[in-house]
Amino acid sequence: VQLQASGGGLVQAGGSLRLSCAASGVIFGINSMGWFRQAPGKPRELVAGVTSYGSATYADYAQARFNISRDLAKNTVTLEMNSLQHEDTAVYYCNQAVVESGRPGSINYWGQGTLVTVSS
């Protein structure tokens, strides 16, 4: 299974970006999907996550500005980010907990990371 993330880039403060992450490979199901971020000198942190049932969780700073959605048919998770601030500058990583046929539980896979830079 591989995750391919896209959509990062440079944006001015107040702007918007849309990140997408698609999983490919032999996938029986996906338990959860999410986006994390890591700024220079800081640990990786959860930005938003969504379960297969559609229940979403957001970091406090993302609650009012970001929206996570998923398309289980396409094994894709999307993060729409609005009103971006300089503090949102980070490498964003997608994560999917994938259920593989013949294997118990789920396995966490990570995308390669996509850089989001917000100029102030």
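**Figure 1. Ser-83 in the loop between β8 and β9 (90-99).** Ser-83 lies in the loop that links β8 to β9 (90-99). The structure shown here and in the other views is a predicted model. Phi of Ser-83 is near 50 degrees, a positive value in a residue other than glycine. With a relative accessibility of 42%, Ser-83 counts as partly exposed, because this class runs between the limits of 20% for buried and 50% for exposed.

Figure 2. Asn-75 is placed in the loop between β7 (66-71) and β8 (76-81). The two strands form a hairpin with 4 residues between them. Asn-75 has a positive phi of about 55 degrees, although it is not a glycine. Is Asn-75 buried or exposed? Its relative accessible area is 18%, and Asn-75 is therefore classed as buried, since the cut-off for that class is under 20%.

**Figure 3. Strand β8 and its two pairing partners.** Strand β3 (residues 17-24) pairs with β8 in the antiparallel sense, over 6 bridges. Strand β7 is also joined to β8 by 6 bridges, and β7 and β8 run antiparallel. Of the 6 residues of β8, 5 are buried, so the strand is largely enclosed by the rest of the structure.

**Figure 4. The hairpin of β4 and β5.** Strand β4 (residues 29-38) and strand β5 (residues 45-51) are antiparallel and pair over 6 bridges. Within this pairing, Trp-35 has Ala-48 in β5 as its bridge partner. The hairpin has 6 residues between its strands. Gly-41, in the turn, has a positive phi of about 80 degrees.

Figure 5. Strand β5 is joined to strand β6 (residues 56-58) by 3 bridges, and the two run antiparallel. Which residue of β6 does Ala-48 stand opposite? The residue is Tyr-58. Ala-48 is also the bridge partner of Trp-35. Between β5 and β6 there are 4 residues, and Gly-54 in the turn has a positive phi of about 95 degrees.

**Figure 6. The aromatic pair of Phe-36 and Trp-110.** How many aromatic pairs does a search of the whole structure find? The search finds 1. The ring centres of Phe-36 and Trp-110 are 4.9 Å apart and the ring planes are at 65 degrees, so the pair is edge-to-face; that label applies because planes over 60 degrees apart are counted this way. Phe-36 belongs to strand β4 and Trp-110 to strand β10 (residues 107-110), so the pair ties together parts that are 74 residues apart in sequence. Trp-110 is partly exposed, with a relative accessible area of 38%.

**Figure 7. Arg-44 over two rings.** Arg-44 lies over the face of Tyr-93, at 3.7 Å from the ring centre. Arg-44 also lies over the face of Trp-110, where the separation from the ring centre is 4.7 Å. The ring of Trp-110 is paired edge-to-face with that of Phe-36.

**Figure 8. The largest pocket.** The largest pocket holds about 200 Å³ of space. Its lining includes Arg-37, Gln-38, Ala-39, Pro-40, Lys-42, Pro-43 and Glu-45. His-86, Glu-87, Thr-89 and Ala-90 also line the pocket. By class, the lining has 4 nonpolar, 3 polar and 4 charged residues.

Figure 9. Gly-29 lies in strand β4 and is partly exposed, with a relative accessible area of 23%. The C-alpha atoms of Gly-29 and Leu-72 are separated by 8.3 Å, and these residues are 43 residues apart along the chain. Ala-64 is found in the loop between β6 and β7 and counts as exposed, at 77% relative accessibility. Between the C-alpha atoms of Ala-64 and Gln-38, which are 26 residues apart along the chain, the separation is 20 Å. Gln-38 is one of the residues that line the largest pocket.

How values were computed: Residues numbered from 1 in each chain as written. Predicted model: local features only at pLDDT ≥ 70, side-chain atom pairs only at ≥ 80, totals over all residues. Heavy atoms only, no water. Pairing = 2+ DSSP bridges. 1 Å grid on protein atoms, 1.4 Å probe; cavity = no way out; pocket = protein on both sides within 12 Å on 5 of 7 lines; lining within 4 Å. Points joined across faces, edges and corners; volume = space filled by probe spheres on them. Nonpolar A, V, L, I, M, F, W, Y, C, P; charged D, E, K, R; others polar. Phe/Tyr/Trp six-rings, centres within 6.5 Å; stacked < 30°, edge-to-face > 60°. Buried < 20%, exposed > 50% of the residue type's maximum accessible area, 1.4 Å probe, protein only. Lys NZ or Arg CZ within 6 Å of the ring centre and 35° of its normal.
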